[in-house]
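Here's a quick briefing to read with the model open beside you. Have a look at the sequence and the fold, then work through the points below.

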Amino acid sequence: MVMVGSVSSSKICAFAAGIAAPKMFSSIARYRATMAARRIEADLLWVRELAISQGQRQEIVFTSSSASYAVTGVNAPDQPARAYVVSLAGEPYSVRMTSAMFGVSPTLAFNGFGVPEQAGSVILTRGSVTA
């Protein structure tokens, strides 16, 4: 009798896991895409402030094929000998950059007053989730 009960409870657990797993993976995908979008947003604000504080044009160049972006002429804060490049393709984000366009270019520039020269968007995807 105990054997039958444990088989039944294991089937119920497996069934419940089969229902919960897709929702869990969807939540993880949404979390990763949202965090990547927030990272871009934080860097856009930082570069805008940098343009204002230096009183000169600053650029961020997006590369959709590698899901990355670089701040032109700025070194990484944690590795001053290297350019500031962020890859969203690897951990912890693991997203694809479907599109990055500002006018007709993948480059977003802020003038010395912190005003973007072109409107545009960056589209990130993780599975079926878009951010």
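**Thr-125 and the fold around it**

Thr-125 sits in strand β6; strands here are DSSP runs of E with at least two residues, helices are runs of H or I with at least four, and both are numbered from the N terminus. Keep in mind that this is a predicted model, where local features need pLDDT of at least 70, side-chain atom pairs count only at pLDDT 80 or more, and totals for chains, interfaces and linings use all residues. Residues are numbered from 1 along each chain as its sequence is written, and side-chain values use heavy atoms, with hydrogens and water left out.

- Is Thr-125 buried or exposed? Thr-125 is buried, at a relative accessible area of 11%; buried means under 20%, exposed means over 50%, and partly exposed is in between, using a 1.4 Å probe and protein chains only.
- Its side chain makes a polar contact with the Thr-98 side chain at 3.3 Å. A polar contact is a pair of N or O atoms within 3.5 Å; within protein, one must be able to donate a hydrogen and the other to accept it, and residues adjacent in sequence count only if both atoms are side-chain atoms.
- Setting aside neighbours within four places in sequence, Thr-125 is in contact (heavy atoms within 4.5 Å) with Val-95, Arg-96, Thr-98 and Thr-130.
- Thr-125 is also the bridge partner, in β6, of Arg-96.

**The three-stranded sheet**

- Three strands make an open sheet in the order β4-β6-β7, with antiparallel pairing; two strands pair if DSSP finds at least two bridges between them.
- β4 (96-102) and β7 (129-130) are at the edges with a single partner strand each, so one side of each has no neighbour in the sheet.
- β4 and β6 (residues 120-126) run antiparallel and are joined by 6 bridges.

**The four-stranded sheet**

- Another open, antiparallel sheet has 4 strands in the order β3-β2-β1-β5.
- Its edge strands are β3 (83-87) and β5 (107-110), and each pairs on one side only.
- β2 (residues 68-75) and β3 run antiparallel with 5 bridges between them, and Val-71 stands opposite Tyr-84 in β3.
- On the β5 side, 4 bridges join β1 to β5, and Ile-60 has Leu-108 as its bridge partner in β5.
- β1 and β2 are likewise joined by 4 bridges and run antiparallel, with Phe-62 opposite Tyr-69 in β2.
- β1 and β2 form a hairpin with 4 residues between them, and Ala-67 in the turn has a positive phi of about 50 degrees.

**The whole protein**

- The protein has 1 helix and 7 strands, and along the sequence they follow the pattern α-β-β-β-β-β-β-β.
- Of its 131 residues, 27% are buried.
- Among contacts with a separation of 6 or more, 56% are between residues 24 or more positions apart.
- The protein exposes about 8200 Å², with 63% of that supplied by carbon and sulfur atoms; accessible areas come from the Shrake-Rupley method with a 1.4 Å probe, and for residues only the protein chains shown count as cover.
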